Amino acid sequence: MTAALLTEAAPAKINLYLHVTGRRPDGYHLLDSLVVFAQAGDVLRYEPGPEPLHLELKGRFGQVLGHAAAGPDNLVMKAAAALRGLAGPGADVRGGRLVLEKNLPVASGIGGGSADAAAALRLLDRAWRIDAPQAALLAEAEKLGADVPVCLLSQTIRMEGIGETLSPAPALPDCGMVLVNCGQGVSTPDVFRRREGGFVPRADLPESWANAQAMAETLQALENSLEAPARALCPLISTALADIAGQPDCLIARMSGSGATCFGLFPSAEAASQAADRLADAHNAWWVWGGGLFHHP
Ligand SMILES: C[C@](O)(CO)[C@H](O)COP(=O)(O)OP(=O)(O)OC[C@H]1O[C@@H](n2ccc(N)nc2=O)[C@H](O)[C@@H]1O
Ligand SMILES: Nc1ncnc2c1ncn2[C@@H]1O[C@H](COP(=O)(O)OP(=O)(O)OP(=O)(O)O)[C@@H](O)[C@H]1O
């Protein structure tokens, strides 16, 4: 198998809006969200070999997860273990080295760990010749985390239920995106626990938008229901949102997922990249990225 086939992108997930629409008896929250993926992401590589499967962490945020985090608790290794259970007689399950280039901040609302788990499912399904049906991969993804099914597909999609109900999204216009993370990890369960107030209805979306401006107008009327509790835990979210919104050409600034990463939408990838350069100059310890959306090959 060529190197290209043994490499998988794990793009960042961004919730353009996120409504908490209800709560299940087991405590999990029902959501309605428009999910897109950015060209920013982690990268997973696999070198098959005779030794037991193991994981190495590289990249700016590899250290944050720490050495111990390359063990069985890493979502990549959990995904590999789940995939072994799907292997039929024609499969060629091997050991070897997985290398995770961790470019995305950890516990940051852009699904880094979920994207890594999804990338591991896609990559090892191919490399080990398991060729599992997509429904079987989605079922394993669901067990690994609420965001893993959407990350398995890594395409613009509407996400409902607790994350498992995926349906086609409106056609997106061309646009650019800036991502800003202040460096403070935010725990997803803590943010859900701190949420106050009632539930928010499912959004009413058009079939498509004529341009990024029109999409931003729709999003202005929607919300991220987790933004208030996340701001209470991490006040720098408010600074990040104000700084993104203050950039020329910014159409809207919002928080993704359970935070703390915030995004801004721009009319083009170029405008986003210029805004990112300015934001990075102003906050050189923060993680800042600007560019286009990820389109699944
Ligand atoms: C906030 C989002 O990022 C939006 O895309 C996701 O819903 C969170 O997805 P995730 O990080 O993969 O979440 P999981 O690892 O499955 O769950 C972490 C914790 O978040 C809470 N949780 C998560 C998803 C959900 N729909 N309702 C919840 O209440 C639960 O307390 C759960 O124990
Ligand atoms: N490969 C991984 N990358 C990042 N975190 C991982 C990984 N494997 C396990 N984890 C654990 O998962 C926790 C959540 O990290 P992650 O980066 O996925 O959160 P998040 O960006 O808030 O995700 P979401 O948007 O899905 O809520 C981390 O605190 C970490 O301990």
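In this predicted model, Ser 154 sits in the loop that joins helix 5 (148-153) to strand 5 (157-161). Its phi is near 45°, a positive value in a residue other than glycine, and Ser 154 is buried, because 26 other C-beta atoms lie within 10 Å and a count of 20 or more is what the term requires.

In the model, the end C-alpha atoms of residues 74-154 lie 20 Å apart, and the span is 53% helix and 9% strand.

Ala 107 likewise has a positive phi, of about 50°, although it is not a glycine. This residue is placed in the loop between strand 4 (95-101) and helix 3 (112-127), and it is partly exposed, since its 19 other C-beta atoms within 10 Å fall between the limits of 12 or fewer for exposed and 20 or more for buried.

| Residue | Phi |
|---|---|
| Ser 154 | near 45° |
| Ala 107 | about 50° |

A further backbone feature concerns a peptide bond: the one from Gly 259 to Ala 260 is cis, with omega near 10°. Ala 260 belongs to the loop between strand 8 (252-255) and strand 9 (262-266).

As background to these features, most residues other than glycine have a negative phi, and most peptide bonds are trans.

Methods
Residues numbered from 1 in each chain as written. Chains lettered and ligands numbered in written order. Predicted model: local features only at pLDDT ≥ 70, side-chain atom pairs only at ≥ 80, totals over all residues. Helix = DSSP H or I, 4+ residues; strand = E, 2+ residues; numbered from the N terminus.
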